[in-house]
Amino acid sequence: QVQLVESGGGLVQAGGSLRLSCAASGSFFSGYFMAWFRQAPGKEREFVAALTWSGSTSNYADSVKGRFTISRDNGKNTVSLQMNSLKPEDSAVYYCAAIWDPNNNVDNYTNPVSYHYWGQGAPVTVSS
């Protein structure tokens, strides 16, 4: 099992940057496929970015591609989301998610139901 705790959320003006971090406790963090999702008020949780256990392959939602970067440090048991050129529509609660996947078998990584572990969420507000 793994426990996830996000940090780094806050208020930023449009065009600014924020960096979210997700600290994982538990065993074998390097075997987990990691992702970030977000959920705005009244909307469904949506996929933002994902990263394989090795960090070699990343995927992004079209809405954040070119602006957000997901990364991980398996030595420190952390995964981060660097968010640049933020827009008001990026405002949401951001969640870190994980699923055990040492063999890169995750199929539908954009679907929240694919993940077994979730953090408590970090709110991000982008003002116009």
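Is serine 85 buried or exposed, or partly exposed? Serine 85 is partly exposed, with a relative accessible area of 40%. Here buried means under 20% relative accessible area, exposed means over 50%, and partly exposed lies in between (1.4 Å probe, protein chains only).

This is a predicted model, in which local features need pLDDT of at least 70, side-chain atom pairs count only at pLDDT 80 or more, and totals for chains, interfaces and linings use all residues. Residues are numbered from 1 along each chain as its sequence is written, and side-chain values use heavy atoms, with hydrogens and water left out.

**Overall build**

- The chain has eleven strands and zero helices. Both are DSSP runs, numbered from the N terminus: helices are H or I with at least four residues, and strands are E with at least two.
- The radius of gyration of the chain is 14 Å, close to the 14 Å that the globule rule gives for 128 residues, so the chain is as compact as a globular protein of that length. The radius is taken over C-alpha atoms, and the rule is 2.2 Å times the number of residues to the power 0.38.
- Along its principal axes, the C-alpha trace spans about 40 × 25 × 25 Å.

**Surface and contacts**

- Of the 128 residues in the chain, 43% are buried.
- The chain exposes about 6400 Å², and carbon and sulfur atoms supply 48% of that area. Accessible areas come from the Shrake-Rupley method with a 1.4 Å probe; for residues, only the protein chains shown count as cover.
- Take the contacts between residues at least 6 apart in sequence: 61% of them join residues at least 24 apart. Contact means heavy atoms within 4.5 Å.

**Salt bridges**

- The count comes to four salt bridges. Each is a side-chain nitrogen of Lys or Arg within 4 Å of a carboxyl oxygen of Asp or Glu.
- Arginine 38 pairs with glutamate 46, and their closest N and O atoms are 2.6 Å apart. Arginine 38 is buried, at 6% relative accessible area. Glutamate 46 is partly exposed, at 36%.
- Arginine 38 also forms a salt bridge with aspartate 90 (2.9 Å, N to O). Arginine 38 lies in strand β4 (residues 32-39) and aspartate 90 in the loop between β8 (78-83) and β9 (92-100), so the pair ties together parts that are 52 residues apart in sequence. Aspartate 90 counts as buried, at 1% relative accessibility.
- A network of salt bridges links Arg38, Glu46, Arg67 and Asp90.
- Lysine 65 and aspartate 62 meet in a salt bridge (3.1 Å, N to O). Aspartate 62 is exposed, with a relative accessible area of 66%.

**Tyrosine 117**

- Tyrosine 117 lies in strand β10 (residues 117-118).
- Tyrosine 117 and alanine 98 are 19 residues apart in sequence, and 5.1 Å apart in space, C-alpha to C-alpha.
- Leaving out residues up to four places away in sequence, tyrosine 117 touches Gln1, Val2, Leu4, Tyr32, Cys96, Ala97 and Ala98.

**Positive phi in loops**

- Serine 85 lies in the loop between β8 and β9. Its phi is positive, about 50 degrees, although serine 85 is not a glycine.
- Asparagine 77 lies in the loop between β7 (68-73) and β8. Phi of asparagine 77 is near 55 degrees, a positive value in a residue other than glycine. Asparagine 77 is partly exposed, with a relative accessible area of 21%.
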